[in-house]
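Work through the two exercises below with the model open. Each task is followed by a solution in steps.

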Amino acid sequence: MKVTFPQMGNIYLAAKVLCEGLGIEYVIPPQNSRNALNIGSLHSPEEMCLPFKIMIGNYIQAIKQGADTVILTGSCGPCRFGEYCELQMNLLKKLGYNLEFIVIDMPKDIGIKELYKRITRFSLNSKKSKYKKTKALLDAIKVMNLMDDIEASAHNLAGYEKIKGNCKSLLNNCKTDALKCKSPLEMINLLIDYKHKINHISIDINKNPLKVAIIGEIYTVIEPFSNLCIEDKLMDYGVSTKRKLTPSWWIKNTALSPTKLNSIDIKKGSKEYLPLYIGGHARECIGEAVLAYEDNFDGAIQIFPMGCMPEIVSKSILPTISKDKDFPIMSLVVDEMTGEAGYITRIEAFIDLLERRQKDVLLRC
Amino acid sequence: MKVGIPQGLLYYKYHPFLITFFSELGAEIITSVNTNKEVLDAGVKYCVDEACLPIKIFHGHISFLKDKCDIIVIPRLMQLHKNEYICPKFCGLPEMVLNSIPNMPKTITAPIYASSKRKLYYWAKSSGKLFTKNNLKIKGAFMKALDKQEKHKTGINDKKYELKVALSGHPYNIYDNYVNMNVIKKLNNLGVGVITEEYMDTNLINTEAKNLYKKPFWTFARNNYGFTVNASKNKEVGGIVYISSFNCGIDSVIVELIKDRICDFPFLILKIDEQTGEAGINTRLEAFVDMLERRYEIESNISTNG
């Protein structure tokens, strides 16, 4: 068994640690690129959302490197993501690939027994002891947390750095170095090292950079290729960004959701505008927009793939928040046809707007 | 009090319930007009661009009603069956409407869980409180409304045609004749009868849906998939016509699942949105019916001697 998984932000690092810890063979699909998307959109149904298409590209690229099993998280909520596995299985079968899917669904939807069965299907191939298996899982979670921390610091400090581009290069180096690590322990040490480095970058505390919150659909927000590297672009402009949705947030949120203790701040923030969970991350999107305003951010950018059902609901609510609180919010819709030039123009125009508001040029004249 | 009930989305299926319930409570009912150009235009004007056609039309109906009544019912239909949903947009419907249309009157937006009588009664209780404090009266109105709903039958099963097609899709696309440009009448004029999912045994539909790897969590996905796949096995029906609105997230999944299953059975997908032209729909229907007729003739010409 040679497992693979879709590329999604920094999850590949955690997956690498997990597979290495368990002693399972794995293939990391090549970083998302135009190539993956082209393969994906060639074979996918036309009206499916962007993440689906990129994932198909990932699988096919991974199969060429020998992968035969796919691990995918699932959901049974009203959003289309829950149906991905079924369609992807059919699609790949039709293309003539023999691939096994292991779908990790929430226990409340498939039952704890079925979940256990699926997890053992995956971990049976590991000859490690139970202790080592648990250790591998904990290491993976640790790596994910560390990586998300480093990324968040880099995005935040980019506005304050003394030497321009410092944060960005450090972050990029960190990712490339991490991929080269041979063992879980080595990677954890490396990440701790980098965390220290990034938190001690020389900064100018008197700077007052623009602060922008990135909100929206989780895949397009955490996968840089799908949002045309918006965070890197904002780092280049010297804008501090923050996003709440990360893989580690997702794990924590999912684990805590049966107890209803998950993301209390988001729930509180969204209460006035969207009091119910409607699937996907629409409620999170609304809550984060409100929280960003309360944390004195200058603006927020919502990103979602074309046709994303929950985000369409939040897109219709965001203008009201923007009006109520005098808080600029821009929505960006991405799909395989998004052109980079138009996209950059809109981001630059939005940043210009925020800059002028900050300097009070037009506001009170 | 004047209660406005918009004729959009699932109105075609559940209007007896809503109308009976509120009129039993002593309200005056005002329903919006059948969908027409003004309704559609108002919907397109107010709704976000990315939404699908039925949602836009629903916005149009609300904007038609908003100055004509004191309170508007926006049915936030969460569940019809246990562990099943309709679509995220249905769950967030009141938020979409209230944040898109200015100067709205009061609204009833309590979530509707229709998976059991008891859960549905929660909705009735909270909505009925706006009209009367008498719990008995609410209960009476609720029982009467349920009764009316049970007696109400939708669905089409044309008998007198030799050639028949299964008409599949979401109810609000099938029964709204403005949106689908009278597709049923058009088919009938071409000499083709229509059968809809209400005339198929629910057990058959459910067993078919059980063959899927993942239990469908959308009610319409289960219904449409089960119905269409069963119809394709059925000798009674010559082909399938599926009415789908452009950019419908659920249809993008169901259509693929169906295609995967029925192989080369005749299957026509009519995509509709606010810019669909009638001529294009006519051409496609005629071509499809021509093809079905030819298939039918060839099949009946086969010699019985083998």
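Contact here means heavy atoms within 4.5 Å. The model is predicted: local features need pLDDT of at least 70, side-chain atom pairs count only at pLDDT 80 or more, and totals for chains, interfaces and linings use all residues. Residues are numbered from 1 along each chain as its sequence is written, chains are lettered from A in the order in which they are written, and side-chain values use heavy atoms, without hydrogens and water.

**Exercise 1.** Describe the interface of chain A and chain B.

Step 1. Chain A puts 40 residues into the contact and chain B 33 residues.

Step 2. Buried area is the accessible area (1.4 Å probe) that two parts lose on being put together, summed over both. Between the chains it is about 3,200 Å², with 64% from carbon and sulfur atoms.

Step 3. The rule finds 4 salt bridges across the interface, each a side-chain nitrogen of Lys or Arg within 4 Å of a carboxyl oxygen of Asp or Glu. Glu47(A) forms a salt bridge with Lys271(B), where the closest N and O atoms are 3.1 Å apart.

Step 4. On the side of chain A that touches chain B, helix 15 of chain A gives the most, with 8 residues. Helices (H or I, at least four residues) and strands (E, at least two) are DSSP runs, numbered from the N terminus.

**Exercise 2.** Trace how strand 1 of chain B is joined to strand 2 of chain B.

Step 1. Strand 1 (residues 2-5) and strand 2 (residues 28-31) of chain B run parallel, joined by 4 bridges; pairing requires at least two bridges found by DSSP.

Step 2. Opposite Gly4(B) stands Ile30(B), in strand 2 of chain B.
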